[in-house]
Amino acid sequence: MFTVATDIITITTGTPIPVITFQPAMDRANTRDGSSRKQRRSIMPNGFGSFTLVFLMDVQSHHCQVVDVNLTEDWHKSTIPIMVVNEKEELSRCSRYRLDVVRNLSAQGYIPGRDVNLTDLEQEDCVDGWSYSTDIYQSTIVSEFDLVCSEQWKQPLTSTVYFLGVLVGSFFSGQLSDRFGRKPILFATTAVQTVFTFAQVFSVSWTMFIILLFFNGLGQISNFVAALVLGAETFTGNVRVLYSSLGTCLGYAAGYMLLPLCAYYLRDWKSLLLASSAPGLAYLPLWWFIPESPRWLLSQGRAEEAEVILRKAAKWNKVQAPRVIFEDYSINKANTHLKVHHNVFDLLRKRDIRTTTLILCLVSFTTTIGYYGLSFSTSQLHSDPYISCFISAAVEIPAYISSWLALRYFPRRLSITSTLLLGAVSLYLIQLLPQDLPNLPLTLKMLGKYAITTCCSMMFAFTAELYPTVLRNTATGTCTTVSRLGCCLTPLLLKLSLYSKYLPYIILGTLAVVSAFAALFLPESFGRPLPETIQQMHKRERITFRCISRKETSVPTEHLDSPL
């Protein structure tokens, strides 16, 4: 029997991708914990993709531009009205005193505030444009295309368009990956993300920018899902759990933390986009090194190609491959022509699969809207946006480590339910704290994000474990598509704080409670092999509270009739 494993490299979206440093291919060459004796791991975290808009779409301080006219110094300083916002005085962002009136008063020698009551003057819109502060950013999309005042509605729409691209990409890439293979879709969507990110630099209008942004988002989540499934099907045992949790997520978090560092030194939006697209050129040549998933090849009846990959892995690691790898291939070869292509409707045809899919979609939706809602609501933890972004990212490190430990030692349903309830309790308690303790609500927000992030990380691995090879990428893509509806609704959710300060947290907490109890009706996949066919899918059973101790092995036993 063969087990194939590859190392991972984290691409610009924070997505680990298998590369060609093979581990020993035969089970007898593996160590007791299921990993290889020759294991080297290379991680290059560049998780810019998901949160680049935090800096690209940030709103600089601005006010109406005053063209160079013959005004005295006093009138030049008084042309912009003073407004009171949140009990603080600041210059009006969207209006100024009529410039022709101000010019006449200045020419007549009147002194503002002494000879003229400024509140009696007529105001006008910023007909000459705006002047933007460069204290934090040199330029952003907002300042480049003047997305302020009457055009302010374009700010949330920009983020929504990006997430719509993510939604469409995750839906179709899953089905295409199950149809044409993990590797082609992985590299195709990686190329799409790289090319359109680079093309955004040359945007000459907001419309052009959001069209390119849509295709950028289409590629971003698609290569994440394809890489996740490719690794899950290639690794076995604890190594697969490590890849699906720490491998995919720690690289993402590290890239997320690097984002504010790069944004700090690249203060204009074009430079930041160039930095985000450049790493993509480095991993596109890996097409000639990364193999296709042997499991997928077998599911398509392409046993000869799978055997070539396994023999190459054995040769690379200097182990002897058996003379016959797939003993039953010649028997079943005639049946490969009867192979049926599966699609998203197969997730709804049978009652058990339909129930599992709907619950997973609900839990994925809850974790995604909770993750992005808490990430963006805590973006103002500090007056410096770069520090705010770093704090929000740093919380994810212990969350991903916790998810790896939970995936390795505890049942999936217990872990998912526990983390969701922890997040719900944290969010409910925020409204009960006294106002004179500002640090406690912040602590609960971070605890809530820790719990939701932990659950979100586990859901990637859990979803991949529940479905057979013929449906795995379609199911993962479908659940990701539904979850991305949460991304699109996040701006609207946060807007509810205008009506009630704690309403977004109450909604997120309620969703977490409902999803926690729904997760109890999912099948358990802990300690079990990946199903190869629909008939081998795990069935729902009574909940058990067992865990694996360090003295016991947590390596799932492969199917006896599976060459992988």
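**Exercise 1.** How many nonpolar, polar and charged residues does the lining of the largest cavity have?

*Solution.* The structure is a predicted model, in which local features need pLDDT of at least 70, side-chain atom pairs count only at pLDDT 80 or more, and totals for chains, interfaces and linings use all residues. Residues are numbered from 1 along each chain as its sequence is written, and side-chain values use heavy atoms, without hydrogens and water.

Step 1. A cavity is a set of points, on a 1 Å grid over the protein atoms alone, where a 1.4 Å probe fits but cannot get out; lining residues have an atom within 4 Å of a point.

Step 2. The largest cavity holds about 210 Å³ of space. Its lining comprises 15 residues, and Tyr252, Tyr371, Cys456, Phe460 and Arg484 are the closest to its centre.

Step 3. Sorted by class, the lining has nine nonpolar (Ala, Val, Leu, Ile, Met, Phe, Trp, Tyr, Cys and Pro), five polar and one charged (Asp, Glu, Lys and Arg) residues.

**Exercise 2.** Determine where the largest cavity lies.

*Solution.* Step 1. At least two lining residues come from each of the helices H7 (206-234), H8 (237-265), H15 (351-377) and H19 (439-466); helices are DSSP runs (H or I, at least four residues) numbered from the N terminus. H19 gives the most, with four residues.

Step 2. Because domain 2 (146-318) and domain 3 (345-542) both contribute to the lining, the cavity lies between them.

**Exercise 3.** Describe how H6 and H7 are arranged.

*Solution.* Step 1. The axes of H6 (residues 182-200) and H7 come within 7 Å and cross at roughly 150 degrees.

Step 2. H6 is therefore roughly antiparallel (an angle over 145 degrees) to H7.

How values were computed
On a 1 Å grid over the protein atoms alone, a cavity is a set of points where a 1.4 Å probe fits but cannot get out, and a pocket is an open set with protein on both sides within 12 Å along at least five of seven lines; lining residues have an atom within 4 Å of a point. Grid points are joined across faces, edges and corners, and a volume is the space filled by probe spheres set on the points. Domain bounds come from an automatic or database domain assignment. Axes are lines fitted to C-alpha atoms, for helices over the stretch in contact, and angles run from 0 to 180 degrees between N-to-C directions. Angles under 35 degrees count as roughly parallel, over 145 as roughly antiparallel, 65 to 115 as roughly perpendicular and the rest as oblique.
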